[in-house]
Amino acid sequence: MRVLSGIQPTGRFHWGNYFGAIKQYIDLQDAHDGYYFIADLHALTTIREPDVLRGYVRDAALDLLALGLNPERATLFVQSDIPEVSQLCWLLMTGAPLGLLERCHAYKDKTAKGMKADVGLFTYPILMAADILAYDSNWVPVGEDQVQHIEVCRDLARSFNAHYGEVFTMPEAKIVPGAAKVPGTDGEKMSKSYDNTLALFGDPKELRKKIMRISTDSRPMEDPKDPESDHLFLLYRLFASSEQIEEVKAIYLRGGFGYGDIKKRLADAADAYLEPARQRRAALEGNPQLVDDILKKGATKARQVAAAVLERAERACGLKNSLPQSLKK
Ligand code: ADP
Ligand code: TRP
């Protein structure tokens, strides 16, 4: 199975990005043909400072590799290194109904808030469809928030195939069980837009301080509490072993504990979990050439696949007829 997913370099990755998305990519890389990319073209819809974008792309590559994405198994690349995707995007734009895009939440949410959206944000799902279709992807592991975009991709592929013949492989969204909706420090969904994130990398002391500031309720200490409805417990569960989880569950149900103790346990568990990745990241930072080589090799491989799919689509539409017969498939 070809598994493909992209992640936008629009900030430093947080726990929500890891447990909601990145961890699934990494778990799937052993059994499948994984294609994972850093969606810098999509990030242009929000990041307009070239240096900031360059920095985030670099950080994204380092983070993904440090977290365990293995370039010997999966293909890692940067979206804009594959120009065929943008070319394919145009073919999909022609014939795409406006109404399909007007319903998409990225655009709808922004305009509903009275903010002005640019054409890039409006057509964002079509570029995403091109990303998916360009690699004959079978599965697309994503968080719940992206399922609508996969549906758009399937609609576009279906109507293109119906009109021009079987050109595209039909992809499926893969919502991985356990891809948790990770709460932030305030108990709402963790998101950089809510300023409630906990970082994967960065100063461990800062992280500990932020964990100690996670919001908690003001019920008396002695009251028993339901662990499943407490965001501090839900965060702890992401990092702890099953024995540790059972132990802390029992503490909640018994009552008579302080949240400070749970926060300390969370900080210790997160530290133990993240430390190997921090060390791998530090080693990669010291070897920029290696990271460049990995991305270049990934792009070369991805381009070969995308070029073949693009050519198939172009010919089906009646383009590229002036090329010699020998170049035809
Ligand atoms: P943010 O909300 O911080 O801007 P993104 O929208 O860039 O994050 O999300 C990138 C990926 O990480 C998406 O696949 C999304 O589903 C996943 N993700 C982000 N936040 C969370 C969360 N709190 N819980 C689970 N998954 C998340
Ligand atoms: N839109 C996705 C997000 O914000 C990122 C993305 C771009 C993507 N292209 C993709 C995800 C193709 C899956 C497949 O998370």
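How far is a nitrogen atom of ligand 2 from an N or O atom in the side chain of Tyr 124? In this predicted model, the separation is 2.6 Å, a polar contact in the sense used here (a pair of N or O atoms within 3.5 Å; within protein, one must be able to donate a hydrogen and the other to accept it, and residues adjacent in sequence count only if both atoms are side-chain atoms). Because the model is predicted, local features need pLDDT of at least 70 and side-chain atom pairs count only at pLDDT 80 or more, while totals for chains, interfaces and linings use all residues. Residues are numbered from 1 along each chain as its sequence is written, chains are lettered from A and ligands numbered from 1 in the order in which they are written, and side-chain values use heavy atoms, with hydrogens and water left out.

Two further side chains reach ligand 2. Asp 131 has a side-chain N or O atom 2.8 Å from a nitrogen atom of the ligand, and for a polar side-chain atom of Gln 146 the distance to a ligand nitrogen is 3.1 Å. On its own, ligand 2 exposes 370 Å², of which the protein buries 90% (accessible areas come from the Shrake-Rupley method with a 1.4 Å probe; for residues, only the protein chains shown count as cover). The shell around ligand 2 holds 14 residues, with Gln 8, His 42, Tyr 124, Asp 131 and Gln 146 the closest; a residue belongs to such a shell if one of its heavy atoms lies within 4 Å of the molecule. By class, eight of these residues are nonpolar, five polar and one charged (Ala, Val, Leu, Ile, Met, Phe, Trp, Tyr, Cys and Pro count as nonpolar, Asp, Glu, Lys and Arg as charged, and the others, Gly among them, as polar). Helix α7 gives the most to this shell, with four residues; helices (H or I, at least four residues) and strands (E, at least two) are DSSP runs, numbered from the N terminus.

Ligand 1 also has 14 residues around it, and the closest are His 14, Asp 145, Val 182, Ser 191 and Lys 192. Its polar contacts include backbone atoms: a nitrogen atom of ligand 1 is 3.2 Å from a polar backbone atom of Gly 16, and a backbone N or O atom of Met 190 is 2.9 Å from a ligand nitrogen. From the side chain of Ser 191, a polar atom lies 2.8 Å from an oxygen atom of ligand 1. The protein covers 85% of the 540 Å² of accessible area that this ligand has on its own. Its shell divides into four nonpolar, six polar and four charged residues.

A pocket is defined on a 1 Å grid over the protein atoms alone, as an open set of points where a 1.4 Å probe fits, with protein on both sides within 12 Å along at least five of seven lines; lining residues have an atom within 4 Å of a point. The volume of the largest pocket is about 1,800 Å³, and among its 50 lining residues Gln 8, Asp 145, Gln 146, Lys 189 and Lys 192 lie nearest the centre. This lining has 22 nonpolar, 18 polar and 10 charged residues.

Key. Points joined across faces, edges and corners; volume = space filled by probe spheres on them.
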